[in-house]
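Please read it with the structure open beside you.

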Amino acid sequence: MSNKTEHTSRVASQKTGNVVNLDNILFSCRDILRAARNAGSFFEKRDMMLTLIFLRFIGEKYEDGVARLRQQLVNDGLDPDNEEIIKAFFDDATFTDGTYNLPPEARWSKIINTPAPQLNVALDTALHSIATDSKQLKGCFIEGTFTTRNLGANDIKKLVDEVNKISHKAFGEEKDLIGHVYEYFLKEFAVNATKEEGEFYTPHDVVQLIASMIEPYAGTLYDPACGSGGMFIQSAELVKAKQGDVNRINIYGQEKESATYRLAKMNLALRGLSHNLGETYDSSFTNDLHKGWYFDYIMANPPFNLKGWYNDNLKNDARWADYVTPPESNANYAWILHILSHLKPANGVAGFLLANGALNDSAPLEIRKRLIQNDKVEAIIVLPRELFITTDISVTLWILNQNKKGGECHGKKLRNREHEILFMDLRQWNENPVKDEQKKKVRLLPGQIERAAAIYHTWQSEGTDGAAYEVPELYRSVGISEIESKNWTLTPSKYIEFIDHDLDIDYPAEMSRIQNEMKQIMVAEKQSQKMLEEAFRGIGYNIDEV
């Protein structure tokens, strides 16, 4: 599609009905920046856009917070326009929902009404005030962004007016809007961006799949290559959906790229999520900012097949002391061992993505063999192709678990899964194309995510026979002796039976069977608990004290 045709199509779409389309607004911003003098490189354009949107969102949240505070004062019989009340409640407002108090010069209402010739200075003044007043927000942006580029008055005014149309009220607070903007500009500007270059955004459906698998509902959550913070955002949304308390999640992460590090801080700050991303951006390998720390959960989408990660200082690193040094040519197994080194030894769980080559790469064979023998690998799930923007390859979700012996977890009783690995192959789940993409892209639907998670959780649960747990072309539980016989490969197609496609498999019926098994397991658990309580009461004990 030519630029002219694409532009005409976008304008026509924007004029259809009264609904404001986020991508149309961002398209207009892109055109303004492309035509503007002094707009700089892709990264500088993106930084300007993200910083503007950050100011817009944080300003809107402040205005919403003030409106709620005014209403609360009215409800309490106080006059919010009284000078004494204003001085007591508004001059140095305190919010309990993660909303940040902003000095007058940093408020969006001030920015949007600033004359065009003064906008660049006004925007940088706002950034300086925020950085000075808030330790949590410092580091989310580069001070001097707008005066350094010094866009023409007409260009910066048009840009600010377009950003003013972007609102949580219009597009929903539940959406990762900062992440969406990042994804958009990655697609539109970074034609040559690749996973190896570190400019990558993990689709929401993939993050939801990982979160649904490992269920990081409470405790510490770590991402050693956290990018724009999407893993954290989606995990928090999952907790909210389960009526959980996001304040029970403590977020830790690290990011190598400076712009993406700032983006993650923006994203988390806007959500009011407490976080520790380290004092600066840096490599997880050469400068581990959380060295010696252990976490309940780890979620990650590190760069695939990363080269240039190694230096001689890493030769005898403690992270691979129990294994062997990962190959210098590829960081896949360095990521695995780095993640493993940060998991709580008793019960830590990790879900992360790697390129499929890591499943049977010969160079790290000894590491893979020891990981399997040490019972660290719990599940291997191959995902469909075309899930990602900057690569069309199929990738694998790995799940590591420090405790496969069973016990209580999230209210479920888990069986002993030692020396078993669950293999799943979801490559055939590619029937859901994403509309309006310039290249082929598919997504996982919520029902598919639930189905995959149910397969995994049923396999874990008491009452499941691992030796017989399989559906051809979809999943199979495999013992370590069979994996050893296949020279320690973790490629699912080596273990899952593939059959004639003309044969009829009733997958809905199979899913119904899995769900019924889960219900039966839960009912049995409740009955067992009730019987136990009654037995203890019969002999005069309170079970809660036993």
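This is a predicted model: local features need pLDDT of at least 70, side-chain atom pairs count only at pLDDT 80 or more; totals for chains, interfaces and linings use all residues.

1. Every value below is computed from it.

2. **The whole chain.** The protein chain has 18 helices and twelve strands. It has 546 residues, and 53% of them count as buried. Now look at contacts with a separation of 6 or more in the protein chain: 73% of them involve residues 24 or more positions apart.

3. **Strand S1.** Start with residues 219–223, which form strand S1. Five of the five residues are buried, so S1 is largely enclosed by the rest of the structure. S1 has strand S2 (residues 249–253) as a parallel partner, joined through five bridges. In that pairing, Asp223 stands opposite Gly253 of S2. S1 also pairs with S4, again in the parallel sense, over two bridges. Here Leu221 stands opposite Tyr297 of S4.

4. **Strand S6.** Next, go to residues 377–382, strand S6. Six of its six residues are buried, and the strand is mostly covered. How do S6 and S7 run, parallel or antiparallel? They run antiparallel, and five bridges join them. Ile380 stands opposite Trp398 of S7. S6 pairs with strand S10 (residues 420–425) too, but in the parallel sense and over four bridges. Ala379 has Leu422 in S10 as its bridge partner. As you look along these strands, remember a general point: in a regular strand the side chains alternate between the two faces of the sheet.

5. **Helices H3 and H4.** Two packed helices are described by the angle between their axes and the distance between the axes. Helix H3 covers residues 42–75 and helix H4 residues 83–90. Their axes are 12 Å apart, and the packing angle is about 130 degrees. H3 and H4 are therefore oblique to each other. Their crossing is right-handed. Which residues of H3 and H4 meet? From H3 come Val66, Leu69, Arg70 and Leu73. From H4 come Ile85, Phe89 and Phe90.

6. **Helices H11 and H16.** Helix H16 spans residues 446–460, and the axes of H11 and H16 come within 9 Å. They cross at roughly 25 degrees. H11 and H16 are therefore roughly parallel to each other. The crossing of H11 with H16 is right-handed. On the H11 side, Asp205, Gln208, Leu209, Ser212 and Met213 take part. They meet Ile449, Ala452, Ala453, Tyr456 and His457 of H16.

7. Gln208 sits in helix H11, residues 204–214. Is Gln208 buried or partly exposed? Its relative accessibility is 34%, so Gln208 counts as partly exposed. Leave aside its neighbours within four places in sequence, and Gln208 is in contact with Gln234 and Ile449. Gln208 and Ile449 are 241 residues apart in sequence. In space, their C-alpha atoms are 7.5 Å apart.

8. A pair of aromatic rings is described by the distance of the centres and the angle of the planes. Counting rings whose centres lie within 6.5 Å, there are 14 aromatic pairs. Take Trp309 and Trp320. Their ring centres are 5.9 Å apart and their planes stand at 90 degrees, so the pair is edge-to-face. Both residues lie in the loop between strand S4 (297–300) and helix H14 (332–341), so the pair ties together parts that are eleven residues apart in sequence. Trp309 counts as buried, at 5% relative accessibility. Trp320 is buried as well, with a relative accessible area of 3%.

9. **A second pair: Tyr333 and Trp398.** Tyr333 and Trp398 also form an edge-to-face pair, with 6.2 Å centre to centre and 90 degrees between the planes. Tyr333 lies in helix H14 and Trp398 in strand S7 (residues 395–401), so this pair ties together parts that are 65 residues apart in sequence. Both Tyr333 and Trp398 are buried.

10. **A ring cluster.** Last, find Phe285, Trp309, Tyr310, Trp320 and Trp335. Ring pairs link these five residues, Phe285, Trp309, Tyr310, Trp320 and Trp335, into a cluster.

How values were computed: Residues are numbered from 1 along each chain as its sequence is written. Side-chain values use heavy atoms; hydrogens and water are left out. Rings of Phe, Tyr and Trp (its six-membered ring) pair if their centres lie within 6.5 Å; planes under 30 degrees apart count as stacked, over 60 as edge-to-face and the rest as tilted. Buried means under 20% relative accessible area, exposed over 50%, partly exposed in between (1.4 Å probe, protein chains only). Two strands pair if DSSP finds at least two bridges between them. Axes are lines fitted to C-alpha atoms, for helices over the stretch in contact, and angles run from 0 to 180 degrees between N-to-C directions. Angles under 35 degrees count as roughly parallel, over 145 as roughly antiparallel, 65 to 115 as roughly perpendicular and the rest as oblique. A crossing is left-handed if the near helix is turned anticlockwise from the far one by less than a right angle, and right-handed if clockwise. Contact means heavy atoms within 4.5 Å.
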